[in-house]
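Colleague: I'm new to this one. Can you walk me through it?

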Amino acid sequence: MDPLTPKDVEHIAQLAYIKLSDEESEDMRVQLTNILGHFASLSSVDTDGVEATGHTTDSNSVMRKDEPQPPLDRDDVLKNAPDRDGEFVRVRPVLE
Amino acid sequence: MTTQSANSDLYFSTARELRAKFDAREISSVEATRAMLDRISNLEPSLNSFITVTPERAIADAEMADQRLRGAGQEPTALTGIPIMVKDNFSTKDVETTAASKILKGYIPPYDGTAVSNLKEAGAVILGKGNLDEFAMGSSNETSAFGPVHNPWDTDRVPGGSSGGAGAAVAAGECFIAFGSDTGGSIRQPAALCGVVGMKPTYGLVSRFGLLAFGSSLDQIGPLTRSVADTADALNIVSSHDHRDSTSVAAPFTDFAQDIDGGVAGMNIGVPKEYLVDGIEPGVRAAFEKSLETLEGLGANISETSLPLTDHALAVYYIIAPSEASANLSRYDGVKYGLGSLDAKTSAQATEAARGEGFGDEVKRRIFLGTYALSAGYYDAYYKKAQQVRTLIRREFTDAFLKFDALVTPTTPGVAFNIGDKTEDPFQMYLNDICTIPVNIAGLPSISIPGGMSDGLPVGLQFIGPQFGDTTVIRAAAAYERATNWHQNHPLI
C-alpha cells in the first residue's frame, strides 16, 4: 500500500479528537504505514459471500422491560467532573 | 527469621489450601490479609504490581469474612476470606479506577462492575487494584502510566501484559487469586510469563458490565491463580448472566470443577502446526514437546492438525480490536470525569487537548488505527474484511473440534523478555500474542498453565476448547498439573 501522508494523519486526528504534536504526527504516520502494510495479506483470503462476524455469542438484540431502576447517586457521579456548577457539569463554549 | 519461613508457606498456598487453614482455625482471614498487606509493602518497590492498595477496606472485609466462616450469616463460598486483586480496569465503587491511564487519574466510580459485585457477595477480600497496560493495550505492562511491572522471576524482565500486575502478584505471593481481562491474550500471556495459571472463559460467561471496555466483542474477564482448581472455583464465583451486559449468555451455568478429576485418557488433543511458528524460542519448543510426551503418557491421543487461517489472525485482531477501541474510548472526552482541559476556548478544543495529553502512545496508536479502519473509503477493505475472515477462523475451529476434544499449543513464542526490548517496534510487540489471539477472535475458552522452564524462566502451556467447553480445558489442564511439578516452582523473592 502507499504510505500514509501527513494529511491522512491530520484527517484521522480530527476524526478521533486527538491533538498530536508535529513529532507525534510523523511517528504515527510511519508506524501506521508499517502496521497497515502487515495487513495487506488479508486481501488474499477469499471472502466472497461470507457473512461478517460482529461477536461470537450468536444472540441478537436483547430487550428488557422499560421499568425505572434506582439511579446512581447524583453527587457520586458529579464529583468526578473536572468542572462543575451545582448539579451541572460545566463545559467550554460549544459554538465559537 | 522463623516467621519468614512459616509465612512463605502461606504466601504460596493455593486458595483451596488457605481455605482449609481457615476451616482448621490455623489462621483467620484477618491474619492472612495482614500478612499479604505486609508482603505487598515489602515487594512493591521492586514489582509495582498494584496501582492502588486498600488496606482498611481489606481488613474490614476480612473481619466480615471471618464471621461468615465461623457460621454467622450466609454460607461461605470457596472465596470467602481469600485475599485477591482485581485489575485496575474493573470499576470499583468508591475506589479509584484508572485503567493505568493518565486520562482517568482520580476517577472514582459510583458503582461496582458485576464481576466485582459477585466477588464481594462471595466474601472475597479485595486487597487492591492491579497494574496493567494502559486500557489493557499491550503485552508487557510497559504502557502503564503508573510505570512498568517487574517480573518476580527476574525483575529486569516484563511480566507480560496486559494483566501484568495480576501475573506478577500471583507469582510473587502478593495475593492468592487475581482477576484480569483478556482481549487477545491479556490473562494467558502474563500467566505464562509469570508461571501461574490463567484462564479466559468462553466469551459471554462473565459479565463485562463495569469492565472498562477495550474491544467489546473480544474482552472477557477471568482469573489468574496458582492451581487449576482455584481457577475453576474463581470462575464459579464471577460467571453470571447479567441483564446489564446483553452479550452475557443466559445458558445454565455448570460447576466449572465438575470434570476436574476426569483425566485425559482417551481424549483427542490436536496440535495445530501453525502455532509452532518460526520465531518460537528453542527452549519453549523443547518444553512444549516434553509436555506432549507427558500428555501421551497420561493416555491422551495427540495428533498434528492444521488451522491455515491462523496466519491471518493477527491482522484480523489488529483491525477489529482497535476499531472497537476507537469507538469505546470516544467516551473519554474530559467532560463528566477524568482529565479535563479548562483553558481551551471551545468544547472541541478541550476534548482534543484532554485526549492528546491523557492518552499514552500505544492507546493513541490503536485509536488512530481503528479510526482509520472505520473511516469512509477504508471500511470495506479493513473492518468488514476482517469480520468476514473472523467468520472463517471460527469455522476452522468448529471443524477442528469435530475431530478433537481440545487443542494444545505453547501460550507464547518466547519467555519473559527484558523491559525495553520491544518498545521501539510496535509490530514486534504485537507478535507476542500470536498464539493467544485466535482464541478471542473465535470466542473460545482457553487456559494457560505452567508447562516447563527455559533458562530459569517459566513457559506456558495452552489448552483451547470448543465454545462452552470450559470444563474440558480445565479437565485437561488439571490432569497435566497432577502429572508435573511446574506449578510448585516459585520465584525466590
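Modeller: B:Arg25 sits in the loop between helix 2 (15–23) and helix 3 (29–47) of chain B. Helices (H or I, at least four residues) and strands (E, at least two) are DSSP runs, numbered from the N terminus. This is a predicted model, where local features need pLDDT of at least 70, side-chain atom pairs count only at pLDDT 80 or more, and totals for chains, interfaces and linings use all residues. Residues are numbered from 1 along each chain as its sequence is written, chains are lettered from A and ligands numbered from 1 in the order in which they are written, and side-chain values use heavy atoms, with hydrogens and water left out.

Colleague: What is phi of B:Arg25 near?

Modeller: Near 60°, which is a positive value in a residue other than glycine.

Colleague: Is B:Arg25 buried or exposed?

Modeller: Exposed, with a relative accessible area of 55%. Buried means under 20% relative accessible area, exposed over 50%, and partly exposed in between (1.4 Å probe, protein chains only).

Colleague: And B:Phe468, where is that?

Modeller: In the loop between strand 11 and helix 16 (470–483) of chain B. Phi of B:Phe468 is positive too, near 65°, and this residue is not glycine either. B:Phe468 is partly exposed, at 42% relative accessible area.

Colleague: Which peptide bond is cis?

Modeller: The one from B:Gly161 to B:Ser162, with omega near 5°. B:Ser162 belongs to the loop between strand 3 and helix 6 (164–172) of chain B.

Colleague: New topic. How many residues of helix 5 of chain B are buried?

Modeller: 7 of the 9, so helix 5 (residues 114–122) is largely enclosed by the rest of the structure.

Colleague: Which ones are they?

Modeller: B:Thr114, B:Ala115, B:Val116, B:Ser117, B:Asn118, B:Leu119 and B:Ala122.

Colleague: What covers them?

Modeller: The cover includes helix 4 (55–69), strand 2 (83–87), strand 3 (125–130), strand 4 (177–182), strand 6 (220–225) and helix 8 (228–238), in chain B. Contact here means heavy atoms within 4.5 Å.

Colleague: What follows helix 5 of chain B?

Modeller: B:Gly123, with a positive phi near 90°.

Colleague: Now strand 9 of chain B. How many of its residues are buried?

Modeller: 5 of 5, so to speak: strand 9 (residues 406–410) is mostly covered.

Colleague: In which sense does it pair with strand 7 of chain B?

Modeller: Strand 9 and strand 7 (residues 268–272) of chain B pair in the parallel sense, over 2 bridges. Two strands pair if DSSP finds at least two bridges between them. B:Gly270 stands opposite B:Leu407 of strand 9.

Colleague: How does strand 9 of chain B run against strand 11?

Modeller: Antiparallel, with 4 bridges joining strand 9 to strand 11 (residues 457–464) of chain B. B:Val408 has B:Phe463 of strand 11 as its bridge partner.

Colleague: Let's switch to chain A. What are its elements?

Modeller: Chain A has 3 helices and 2 strands. From the N terminus they run α-α-α-β-β. Chain A is more spread out than a compact globule, because its radius of gyration is 22 Å, well over the 12 Å that the globule rule gives for 96 residues. That radius is taken over C-alpha atoms, and the rule is 2.2 Å times the number of residues to the power 0.38.

Colleague: What box do the C-alpha atoms of chain A fill?

Modeller: Roughly 55 × 45 × 25 Å, along the principal axes. Buried residues make up 28% of the 96 residues in chain A.
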